[in-house]
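Me: I am new to this structure and would like to go through it by question and answer. Please show it before we start.

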Amino acid sequence: MFINKSEKGRNNLCGEKIAELRIRMGISQRALADMLQIEGLDMNKNAVQRIEAGKRFVTDIELKVMSVVLEIPVEKLLE
């Protein structure tokens, strides 16, 4: 049997960290989505919400752009 969820049953490992960093930056989910779009990533506020809630998978391309926008190494997003 294949396992594609975290131990907590989430669809990603980075959502909680992304939410934490976004809140620490004092920006909304919409503002984060806007910043990601400026970097060329087609993502809206609903996608950010679903990632943070662990309900959406995150591609490696998305992870890379998020690390740039959040100014943190990709590895730290996966901790």
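Reply: Helices are DSSP runs of H or I with at least four residues, numbered from the N terminus. With that numbering, Ser-67 has its place in helix 4. The model is a predicted one.

Me: How many helices and how many strands does the chain have?

Reply: From the N terminus on, the elements run α-α-α-α-α. The count for the chain is therefore five helices and zero strands.

Me: What is the radius of gyration of the chain, and how does the globule rule compare?

Reply: The C-alpha atoms fill a box of roughly 40 × 20 × 20 Å along the principal axes. For 79 residues the globule rule gives 12 Å, and the chain comes close to that, so it is as compact as a globular protein of that length. The radius of gyration of the chain is 12 Å.

Me: Is Ser-67 buried or exposed?

Reply: Leaving aside neighbours within four places in sequence, Ser-67 is in contact with Ile-72, Pro-73, Val-74 and Leu-77. Buried means under 20% relative accessible area. Ser-67 has 8% relative accessibility, so it counts as buried.

Me: Which residues does Ile-18 touch, beyond four places away in sequence?

Reply: Ile-18 lies in helix 1. Its relative accessibility is 1%, so Ile-18 counts as buried. Not counting residues up to four places away in sequence, Ile-18 touches Leu-32, Ile-51, Glu-52, Met-66, Leu-70 and Leu-77.

Me: And what does Leu-36 touch, with residues up to four places away in sequence not counted?

Reply: With residues up to four places away in sequence left out, Leu-36 touches Leu-41, Met-43, Val-48, Val-65, Met-66 and Val-69.

Me: Why are the buried residues of helix 3 on the same side of it?

Reply: Helix 3 covers residues 45-52, and its buried residues are Ala-47, Val-48, Ile-51 and Glu-52. They lie on the same side of helix 3 because the arc they cover around the axis is only 135°.

Me: Which helices do those buried residues of helix 3 pack against?

Reply: One of these buried residues is Glu-52. Among the residues that Glu-52 touches are Ile-18, Ala-19 and Leu-32. As a group, the buried residues of helix 3 pack against helix 1 (15-25), helix 2 (29-38) and helix 4 (60-69).

Me: With which side chain does the side chain of Glu-52 make a polar contact?

Reply: Glu-52 is found in helix 3. Glu-52 counts as buried because its relative accessibility is 10%. The polar contact, at 2.6 Å, is with the side chain of Arg-22.

Me: Which residue caps the N-terminal end of helix 3?

Reply: At this end of helix 3, a side-chain oxygen lies 3.0 Å from the backbone nitrogen of Asn-46. Helix 3 is followed by Gly-54, with a positive phi near 80°. The residue that caps the N-terminal end is Asn-44.

Terms used: Residues numbered from 1 in each chain as written. Predicted model: local features only at pLDDT ≥ 70, side-chain atom pairs only at ≥ 80, totals over all residues. Heavy atoms only, no water. Buried < 20%, exposed > 50% of the residue type's maximum accessible area, 1.4 Å probe, protein only. Helix = DSSP H or I, 4+ residues; strand = E, 2+ residues; numbered from the N terminus. Arc of directions from axis to C-beta. Contact = heavy atoms within 4.5 Å. Polar contact = N/O pair within 3.5 Å; in protein donor to acceptor, adjacent residues only side chain to side chain. Rg over C-alpha atoms; globule rule 2.2 N^0.38 Å.
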